[in-house]
Amino acid sequence: MTSLVPVQISMNQGLTISPLHPTDPFFGSWLDTVLKCLLKQHTSKLTSFTDEVQQLYLLAQYFNGFVDAQILIYNTIAKAFEMSRYLPGAIEAYEKILVLRHNDYETIMALARTHGLEAHKDEFVKYAFLSVSMNPYNWDWILHITDLLSNGFYTLNREALSILDHVVNQLPNAKVGTGAEVYNIQKIYKFRGILKEKIGDKVGMCADCLNMIAIGFGGKTLPTLIDELLLSLGYINFSISNYPTVMLIPEYVTSTLPVILFPNSNGIIPGHNGLTLGDMVYAKMEIINALRILALEFELDPQMIQSQLWSASPLRSITLLMLYIAIAINPSAQLCLQMAKVLVHVQDIIIVNQQTFDGAELAIEYLKLGLIYDKENVEIHSHMGDIFYQQRNFVEMFNCYDHVRRIDPQFEYKDGARIRLRIAEGYSYLGDLARMSNDLKSAVSHYHTAYMFADYKNNACLDHPRFLTTLTHNLNHICNWKGRGGIGVHWTDILGNYRTETVPSLNIGFMRMVSKAVNKEIKDGENYGKGVIKNSGGIIHLLRNWCSSLNENDKTFLYFKTMTTRWANQIPKFKNEGGWIIRTVQHLMRRIQLRWYLDKYGKTYQSPTPLPKIQPDATARSKYQRPLIPVGLQRPTSTCVQPFYTFIYDMTPRQVRLIIHREALCVAYDGCTASWLDSCVHPPPPPPCPKLKIGYVSSDLRNHPMAHLMQSVFSLHDRNIFEVYCYSLVPSDGSPYRVRIEQGVDVFRECSGWNTEQIVSQIVSDGIHILINLNGYTAGERNQIFATRPAPIQVEHMGFASAMGGMWTDYNILDKFVCPESQTGGYKLLQKSTLSDGDLPGEMDPEEDDDWTYPEKILYLPSTYFFNDHKQGFRDDGILNGSPYKDDPNIVWALEEDRRWEMRKALFPNLPDHAVLFANFNQLYKIDPVTFMTWLNILEKVPESYLWLLAFPEEGTKNLQETARKWKGANIADRLIFTEVAGKEQHVLRGRVADLILDTPQVNAHTTACDTLWSGTPMVTLPGPDHKMCGRVAASICLATGLGDKMIVTDYREYEETAIRLANSVSYNFWHGCYAAGLPARNHRSGQGELVELRKQLFLNRDSMRLFDTEKAVRDLEKGFVDAWIRWVDDNEQNIHVS
């Protein structure tokens, strides 16, 4: 056996024993020497079977009765084992000590420590609790043992909390002064707060933060500290329920506030006096962190804090004061950022040195302070940019975000995508401002920058398509076709070259990208409202509630009764569940309104005596309840392409239909969820007595093309049958058009300052039977009026050249050319063999895949739907009044030719007399590349010809001239003539100067077609596809002249050939003399040829043309209105054909 020491004493059984007696004062030193020898001789792990360990155990037995000696020996063994990391041996030795002295504190701590390291959970917890109960003031040990409990091999947060709770409960018995003791207790509260947060006790965490602050400030609680601070700042009249909102500038907080807070401690938190410099820094940061945590929680969940911790109000005032204190103690970038995030929600203002600050402006000052401490702080620059964004200060916003980009060019941090979108929105806003100031070049530049920022994923902006469509709209508006692309054969590449080859891989311009974006939004929109029916109790439950106000023999009631049998066995498959809900609610509103009418007045078309109006009472409100949209259904979203802009895109019927349908859903939702609506549907009006009350709603009853066209229509209504109301959504502009309209109706209501509720209430009170929408989806519309269903029959007329999306539009007043019946939902529904789940009685589901366009019913007029007032409002033949030749067509035409020649020379003095002048008076956005190329081809093949366009807008003229030079050379480009837009009277009058109008097939001339045809100038028009009403209007107008076959073509080739043929047919005779006796002799230019003959027929026959017969058009419209009313009462509505 190896000896432990050089000197040994041999005893019985050959044991090696100590050379010293346990009572010897050097016995302990000898054991230390033994420990060193053990560790030196055994570099590998000791075990209980190591010879030397066995000798020590025998030695301890040998000294039985000498407890202190035995404990020293076991401690030596335990230390040897711990130092050699053999913990089971150490535990065995410590337990032997505990047998000898059961309350040995050091041994109990050692057992807790070693069991903890060995992951002996139960023993670890037992000895940990025992050690703390013996000494609750050993701060370092307590923090060590609780950290081991919560962060060791197992997470024993609640056990650690129990220990800390015990310690905290003993604190009143502790002698707490300043310095180290305060810091240790502060750490106890800090650690307990962390543990409480881990178990989800936010209130407990906040309470310990308050305890930390109280300990740090020498027993002064935070409420006391805040009250003293407020008094120091001059606030007197405040209470726990009425704390003032204190706004302090950063300079005051960092320079003056520390003196107020720590007048006697030289800026040191009172309880931290006596700490070493290093501990003082840590202790201070813990107090600041406690204030930050409290400020954060006070903002996140004020109700929880007020109900369970501190009933102060408003809590935001406390939050600000806590952050002021924290910044005064130790300003930092993080504190300034947190302060700014609170201040942006503060509405108060302060004035400092004659400078006014609101919450957001003061927040910016704190963010600037934060940048002093961390100038590259991405979050501060980002948040400052966000505030400037909210203030619409985009220049400063860009500066902030640009700084962020310089710090991290790839935006590789959590807010990168959001910041890119903010920058995109900023540039888009600048584009809007530039556009409003008519700086279209700058607008497009800004929109392009916005698009580039939004398209950071390089996926054609599919995630944020509004930036793509805004750019595309505006590029088209100014005829900038570089990168436009196209759908089909004709397109332009990135350089603006005109291409006709079908290479899909190359034709990837903006037009195709917009189409792709629309398809994605249409597809995504099919998920709108998914699950709402199930979450609302199921479809049977919903229908039972919705249909409770219908009679059991109602066709809709019977339809749903049949469908619920199907739906009881299988879940309905809606392509757009939310859309079906809104459509159904709108459908039922109308059915309930009809039932109310029939219940009150019976099947009465007209009453000889006035019948009383319906005044809703409690019984009626119960019986005719308004069906409600389920609470869980959010407002839908429209697509990135607004309905009006479908005009300029090559889209399929389904795309057009669903773009408009999704917009109509938004309007319908707003109309169904308005807070001011009564619990019942709007009561129907009494029967006509004897007159049908019709109401026109428009924002265009002023100097506007709509008023120009419709100014006489109102007065031409048959007052024996109709009573005419107008609801103007704009104030009077004093124009003659407005005056004439006001004088031409029975009741004119100026509603420009009214809200929707007021307008709807007035319409219901007026008892309107048929409400006419003259806006559609155009500027100034108030379609929500119609979505609340204030009238039994609601129709669209003239305002919008496409579908309306049904629901709150019952009829669209059109003609068979602009809207072939095959494009209507009613027609498609008749072709179906089985109903789809999304269909409603008499209505096709707009979400269907079929190619059709119009969900609403159509009121077909026998001639063009497009009304005008040229015969009444724009007569230009006053020179013939009193003339004996006014009925002589040859002389009338001869005089007209003279006038045309004189006006042409006055307007274009440098134009050759033999030149053919083509023209188009549309806004330039209606021109597309294939049309423009066709025009240039025509100019090329008619050498002495010119094309007159309007500089509308001026920026578009530059692009068209540049494009013409690029495609056809300077010779052709120089024959483009641009003039400014003229006033209406002058515009109509000078239309006769042109020889032939070249129409825009994509979006036709509408009002301008009537203007030029009235002046006797013919046009060439190519109708668009059946579903593009905006491209078929001019042909409808031409047909109404009786000469449509001479002006309507079937394709671009015929368009070009017809224009060339007509132009080349013209020849002129120049002569001097007079036409007849009494007329002065003068120079004349008399024309011959097919084009001149066509012009002559248009001019001489215009008074007898159906196109300009406004009175006949009104009679036809009235027939349709009467038919619609009878069909409503009969509950037999479908497309109406007026004959």
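Cys680 is buried, having a relative accessible area of 1%, where buried stands for under 20% relative accessible area, exposed for over 50% and partly exposed for what lies in between, with a 1.4 Å probe and protein chains only. This is a predicted model, in which local features need pLDDT of at least 70 and side-chain atom pairs count only at pLDDT 80 or more, while totals for chains, interfaces and linings use all residues. Residues are numbered from 1 along each chain as its sequence is written, and side-chain values use heavy atoms, with hydrogens and water left out.

A disulfide is a covalent bond between the sulfur atoms of two cysteines. With a disulfide taken as a pair of cysteine sulfur atoms within 2.5 Å, a search of the whole structure finds 0 of them. For Cys680, the closest cysteine sulfur belongs to Cys672 and lies 14 Å away, which is too far for a bond. Another cysteine, Cys1074, is partly exposed at 40% relative accessibility.

Asp839 sits in the loop between helix H36 (825-831) and strand E13 (857-861), the helices (H or I, at least four residues) and strands (E, at least two) being DSSP runs numbered from the N terminus. Asp839 is buried, with a relative accessible area of 0%, and its side chain reaches the backbone nitrogen of Ser836 at 2.9 Å. Leaving aside residues up to four places away in sequence, Asp839 touches several residues, among them Tyr559, Trp580, Arg583 and Glu848, where contact means heavy atoms within 4.5 Å.

Val281, in helix H14 (residues 277-300), counts as partly exposed because its relative accessibility is 41%.

Definitions and conventions: A polar contact is a pair of N or O atoms within 3.5 Å; within protein, one must be able to donate a hydrogen and the other to accept it, and residues adjacent in sequence count only if both atoms are side-chain atoms.
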